[in-house]
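This report considers a protein together with a DNA strand. Please examine the sequence and the structure shown here before reading on.

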There are 2 protein chains.
Amino acid sequence: MKTVDQHMTTPKFAQIKQFIVDNIRSSAWLENQRVPSENELAEQFSVSRMTARRALSELTEAGILTRSQGLGTFVASFKSQSSLLEIKNIADEVKARNGNYSCTVLVLESISAVAPIAIALGVEVDSVVFRSVLVHNENEQPLQVEERFVNPALAQSYLQQDFTALTPHEYLSSVAPLTEARHTVEAIMPNSEMCQWLNLYHEEPCLQVIRRTWSSAGIVSFARLVSPGSKYRLGGHLTFKKQH
Amino acid sequence: MKTVDQHMTTPKFAQIKQFIVDNIRSSAWLENQRVPSENELAEQFSVSRMTARRALSELTEAGILTRSQGLGTFVASFKSQSSLLEIKNIADEVKARNGNYSCTVLVLESISAVAPIAIALGVEVDSVVFRSVLVHNENEQPLQVEERFVNPALAQSYLQQDFTALTPHEYLSSVAPLTEARHTVEAIMPNSEMCQWLNLYHEEPCLQVIRRTWSSAGIVSFARLVSPGSKYRLGGHLTFKKQH
DNA sequence: CAAGCTATCTTGTATATACAAGATAAATGT
DNA sequence: ACATTTATCTTGTATATACAAGATAGCTTG
């Protein structure tokens with residue numbers, strides 16, 4: 001027979017969090033409904049107000065409750081829960097499913113920036129910028145093309161790197177710590193060059209992620225990640241997770 | 001002349017958070033580097049350990065620091081910072097850019113579930129499920145088609161709703177509080193029916209978001225959101241935001 | 001020399017206390 | 001009857017204190 005050793009109890013604040021989450025999950029407490037105050041919880045659970053407060057604060061931080069001074073604490077409306085998608089590192093993603101990851105460097109050059117690229121990088125038109133085109137492969141099949149334009153002022157030795165060993169993102173993170181990133185996701189039709197790179201025989205729609213990254217010194221780089229719609233998707237997962 | 005009333009000072013814990021974030025942003029403290037301990041911060045800022053602790057704890061929760069008992073607190077590695085995309089409510093999104101939002105109900109019926117739909121909803125094959133097809137319009141132009149399959153056990157009166165007033169997502173949230181949601185994003189080529197719905201004259205790639213939502217009682221619904229690649233994109237924004 | 005112990009640092013949990021500040025309802029005064 | 005004040009409840013900030021528990025360096029002992 002297995003008995004739980006109650007020496008290692010779950011912390012009190014975690015028990016209170018669990019109690020609250022259970023009540024919300026079971027619909028005993030509905031959206032926008034008021035939950036017990038700090039003092040009420042403290043009395044119910046025989047803990048100090050600060051401990052009850054911790055449970056409420058952490059659930060508020062997690063977006064499950066909302067609080068307002070003088071009024072009380074309420075079950076957050078689901079609408080306010082934003083649905084998030086994660087953009088993972090593609091090398092890690094391939095390795096996570098036991099695929100064989102490899103990377104081919106197609107282009108590594110310095111070019112003269114035409115207007116849209118210069119604007120996206122925040123440099124002057126016709127100034128020199130670095131450009132790389134890599135193909136990320138899973139089991140020797142192209143999975144994603146990464147075309148990247150880099151601000152040379154912030155990564156002088158970009159062209160000397162071996163990107164089969166260290167991804168551009170990892171290299172850039174090390175030389176110019178990132179402070180901000182913006183993404184947009186679109187569905188596009190690849191042009192013929194992209195079809196070649198992705199080894200596509202017939203045209204098919206592709207997912208395109210545009211990623212711009214900032215460091216404290218300015219815009220570092222501007223990447224275009226293109227994957228065939230039949231091979232790649234972005235996944236997201238949102239859950240009222242069990243409070244540990 | 002306008003003078004800042006220093007009666008309303010920013011809280012001490014927020015100042016400490018700002019101090020830490022500034023050091024990370026300016027690269028004074030690098031990835032995985034150790035940051036001052038609770039006691040050191042408490043002394044530097046002349047606050048109690050609990051106040052310093054609050055700053056460290058909240059930054060840890062935000063993913064900017066990592067802590068381990070007995071060792072110390074460290075600057076989180078950027079790699080662990082996941083890049084997130086937000087899937088917003090399309091009605092809100094249209095209204096946010098001052099567009100005229102409207103919704104057309106194309107289909108509202110009960111059907112017999114074929115295998116893939118039955119599996120996705122967790123019901124038996126050939127059992128009755130509800131299906132709705134709506135078009136979300138911006139300025140009278142189709143922006144997104146929402147095809148949704150609903151588990152009738154968890155939303156009996158789904159077919160009686162007026163979805164031009166309340167979106168299916170809002171209705172379902174109210175009758176079966178959601179506990180979990182999963183999304184995948186793909187690039188697809190629309191079939192002819194979808195082209196009609198989206199009023200597309202020539203074929204173009206589309207973004208397709210598949211969303212499955214759970215409540216505590218089981219899978220509630222299964223939605224397919226399709227938008228033309230030329231009109232719709234998902235946006236994401238990740239930042240080491242200024243600590244309030 | 002090596003194993004084990006100890007001192008000391010770290011974070012983690014928990015309490016009691018104090019005062020500030022927002023919100024609301026009841027009591028009060030005109 | 002209406003406006004103002006007051007009391008009371010709420011959350012927010014901050015401190016001082018206590019002990020638990022993980023990690024590590026250095027000391028002690030066999």
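In chain A, strands β2 and β3 (residues 72-75) run antiparallel and are joined by 4 bridges. Strands here are DSSP runs (E) of at least two residues and helices are runs (H or I) of at least four residues, both numbered from the N terminus; two strands pair if DSSP finds at least two bridges between them. Within this pair, A:Leu65 is opposite A:Val75 of β3(A).

The model is predicted, so local features need pLDDT of at least 70 and side-chain atom pairs count only at pLDDT 80 or more, whereas totals for chains, interfaces and linings use all residues. Residues are numbered from 1 along each chain as its sequence is written, chains are lettered from A and ligands numbered from 1 in the order in which they are written, and side-chain values use heavy atoms, with hydrogens and water left out.

**The sheet of chain A**

The strands of chain A form an open sheet of 3 strands in the order β1-β3-β2, with antiparallel pairing. β1 (34-35) and β2 (65-68) of chain A are at the edges and each has a single partner strand, so one side of each is left without a neighbour in the sheet. In general, strands of a sheet pair through backbone hydrogen bonds. Helix α3(A) lies across β1, β2 and β3 of chain A and runs at about 115° to β2(A); this angle lies between N-to-C directions, on a scale from 0 to 180 degrees, of axes fitted to C-alpha atoms.

**The surface near DNA strand C**

A residue is near the strand if one of its heavy atoms lies within 4 Å of it. Of the 27 residues around DNA strand C, those that come nearest are A:Lys12, A:Thr51, A:Arg54, A:Gly70 and B:Arg49. The largest share of this surface, 4 residues, is supplied by α3(A). Of the atoms of DNA strand C within 4 Å of the protein, 68% belong to sugar or phosphate, and the rest belong to bases.

| Side chain | Atom of DNA strand C | Distance |
|---|---|---|
| A:Thr51 | phosphate oxygen | 2.6 Å |
| A:Gln69 | base nitrogen | 3.2 Å |
| B:Gln69 | base oxygen | 3.2 Å |

**A strand pair in chain B**

In chain B, β8 (residues 178-188) and β9 (residues 206-215) run antiparallel and are joined by 10 bridges. B:Glu180 has B:Trp214 in β9(B) as its bridge partner. Of the 11 residues of β8(B), 9 are buried, so this strand is largely enclosed by the rest of the structure; buried means under 20% relative accessible area (1.4 Å probe, protein chains only).

Definitions and conventions. A polar contact is a pair of N or O atoms within 3.5 Å; within protein, one must be able to donate a hydrogen and the other to accept it, and residues adjacent in sequence count only if both atoms are side-chain atoms. Contact means heavy atoms within 4.5 Å. Buried means under 20% relative accessible area, exposed over 50%, partly exposed in between (1.4 Å probe, protein chains only).
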